[in-house]
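Thanks, everyone; today I would like to talk through the aromatic side chains in one model.

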Amino acid sequence: MQGSERNTPDGTGPAAGAAPADLTGHRLVPLATALIEGDGRILHWSGDAEALTGYTADQAVGAYAGRLLIPDTEFEPAQELFRQIMAGKGWSGVYAVRHRDGHRVELEFRTYPITGPGGERLLLATASDLGALRQVEGDLAVLDGIFAQSPIGMAVYDTELRYVRLNDALARINGLPVEEHLGRRINAVLPGINSSEIEAVMRQVLATGRPVVDARSHGRTPGDPRRDRAWSASYFRLEDSTGQVLGVSSSIIDVTERFQAEARASRAQERLALLAEATARIGTTLDLQRTAEELVEAVIPRFADFATVDLLEPVLRGEEPSQLEPDRGVKLRAVAVGEAYEAGMTSAADAVGTTSEYDSKRTYTECLRSGRPLLRPHVDEQVLAALVAEPNRVAPGVRAGIHSYLMVPIMARGMVLGGSEFVRMRNPEPFSAADVALAEELVARTAIALDNARLYRRERETALTLQRSLLPQEIHRTLGLEIAYRYLPSSLVSEVGGDWFDVVPLSCGRVALVVGDVMGHGIRAAATMGQLRTVARTLATLDMPPEQVLTRLDETAMGIGEGQFATCICAVYDPVEGTCTIASAGHLPPVKVSPDGVSRAVELPPGVPLGVGGVAFQSTEFTLTEGSLLALYTDGLVERRGEDIDHGIGLLAQVLSGRGRTLEASCDAALAALVSDGTEDDIAMIMARALPIPSDRIATLHLDGDGPAPSRARKFTRDTLRAWGLAQLTDFAELMVSELVTNALLHAEAPRRLRLFRDRTLTVEVADSGGQAPRLRTAAEQDEGGRGMHLVSELAHRWGTRQTKDGKVVWAELELDYRYR
């Protein structure tokens, strides 16, 4: 048969020029005609007569035919034959005539005596070259033999594309007798094939004259009405000797087996292409839902019209899925759903996030338990009822046009993670065994990615839990300092960082601010961060200055393990003195904003990261006046790929220079300006603003005046606590003050100052000029002293000492009822 898939060569097609010059076989050789009077004179001489004899019409007309064409030795027999013909005896036969150049030409004659005007007898004679005629007859015999005996279907069509002639082979291919073809067009004879495409090709051949080779057609014929077949046809145009278009000829062969093989190969190639593309796009992230969505996107619409991915609940929590029990159902959550077009399938399937439960006897459950795919190539209402989770989903599925169903369990390392369903509705082909193999390969690759995502989710949740548990759970209000903070985990799913911050309340209203960043990511970085934060908090509460805190942290980092480095900055603010002392271990400089809005990065002595070891740290002290702001942060806030980090620090300083904003608003403004598109690293940030201390919160007595220091200190303490409404603490506080002042008189040069500070606790501190810290020592029964610090330790909630530039401070705290804070 003929079709629209074609190859058109530039030259002539097969058999071009081997067919008759017209559809009836006439005018293959010159046909000479002559009209002769009864006396033998020539009245008419055709052009073909000129070609055959060499005599022109001017030379022949008026001459006697016998004298012109017959040699003298044969003239009399010729004359006798002429008289017989003119007498009414018709004659046809072969006769040799003389050519103008003298050689003999054998012609086959046919004569027709006729009556001219006035009853005159005339002779009409036609003649053809016998040699040429025999050659044509032989050629026609050969062509007729080919046409009749060829196993290839052959046909001739007129310019209206109607059958004019066809051989028995084509009649057998079409399953109809020859006579039922003649005079009819292809669409009338073979309505089951792609006749419109075939005729379009034939019209193109008629119009252009260019042959078409291997034009494909397909469909069903009356000879094989139950099976699709395919044919390959070649076409060429038929013309006569004058170039007039007479029709189209075709040769046709059955290529069904080759067509089916090519179709199978094409489908196999499509499957391989789909598999290759899906492999490249599935598992690009470590996110469970996104991986499931990638599988659905890969198969729609090329493989299925509708697809879902459902996972077991433990898998979504990152847990190890257990073996499916034979007598227990399964509960799955829809993670990804997709369809090629709006078909109403969403009402027949779970929406994303919905959980469905299948009992142990359901087909779906048994398929998951077996681990083998479930194929239902032909789905009807009864089959669908056994597949869906709820009976009310059968009708929507039938309306949507489900006709073929495939479910493949999602398995990794021998464990069932869930199931993936594939449905065909508009695609007419049912799922085949080859489709099952492809789906299994796609789902297997997806299962590996899903299991990796599950394992990563478990590790990430563990790291995040560890990380969050190690960060401050509550920031206590600090007198003289307003604090705001932000902690943002990385926007990359695959990252868990080691950033941390801490606010450590110290004695006498002082507070330590710590920000650090462990290099690297993952559980190890989070664990290292937890160790460093714990050590830093402990060291700060011991009233160590910032440079000593970093030195001890450096030793800790070196002991954790090779390659564990971190940057850190530690600042201690004294609200009474209004001073801030900062030391840095390779960390970014803090940003300070003065009350008038001028901002700048604070220059600090250079320091190496923690874990390098062998380098001393130095601190810087400056005044933080009331209303000033100090910002500490990690590099995730200001560092961007392709940009200099100084640009980010400058932008942060510019954002914080705005006046009239609260600390919370300043934090939000910094994040909005620097983290608008997410961050590739964690961000930890503390902002602190210096506030005035109310006068009823602090009281100071200088002890270098007249009179005994202990008695003056006790009276000052008694009067102050009475004024603060803390008279119930007077006895304990007086005793502790007396012991601390007396201890300074005995063991230091002299007490210089007594300070009472009321915040979350009542703090008593005595400053002296000595450098040696007090210690608890054991006193014998006969000793008159040595029990003062024991007494202070028993009375105080906690006590301690810290070095100053000109001596030390010994302090002790008494707990306050929350009503007096």
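Are Phe 303 and Phe 431 buried or exposed? Both Phe 303 and Phe 431 are buried, where buried means under 20% relative accessible area, exposed over 50% and partly exposed in between, with a 1.4 Å probe and protein chains only.

A word on the source: this is a predicted model, in which local features need pLDDT of at least 70 and side-chain atom pairs count only at pLDDT 80 or more, while totals for chains, interfaces and linings use all residues. Residues are numbered from 1 along each chain as its sequence is written, and side-chain values use heavy atoms, with hydrogens and water left out.

There are six aromatic pairs in the structure; rings of Phe, Tyr and Trp (its six-membered ring) pair if their centres lie within 6.5 Å, and planes under 30 degrees apart count as stacked, over 60 as edge-to-face and the rest as tilted. One of these is the tilted pair of Tyr 157 and Tyr 163, at 4.9 Å centre to centre and 45 degrees between the planes. Tyr 157 counts as buried because its relative accessibility is 0%, and Tyr 163 is buried as well, at 2%.

Phe 303 and Phe 431 also form a tilted pair, 5.5 Å centre to centre with 45 degrees between the planes. Phe 303 lies in the loop between helix 10 (288-299) and strand 12 (306-312), and Phe 431 in the loop between strand 17 (415-424) and helix 15 (433-470), so this pair ties together parts that are 128 residues apart in sequence; helices (H or I, at least four residues) and strands (E, at least two) are DSSP runs, numbered from the N terminus. Together with Phe 422, Phe 303 and Phe 431 form one aromatic cluster.
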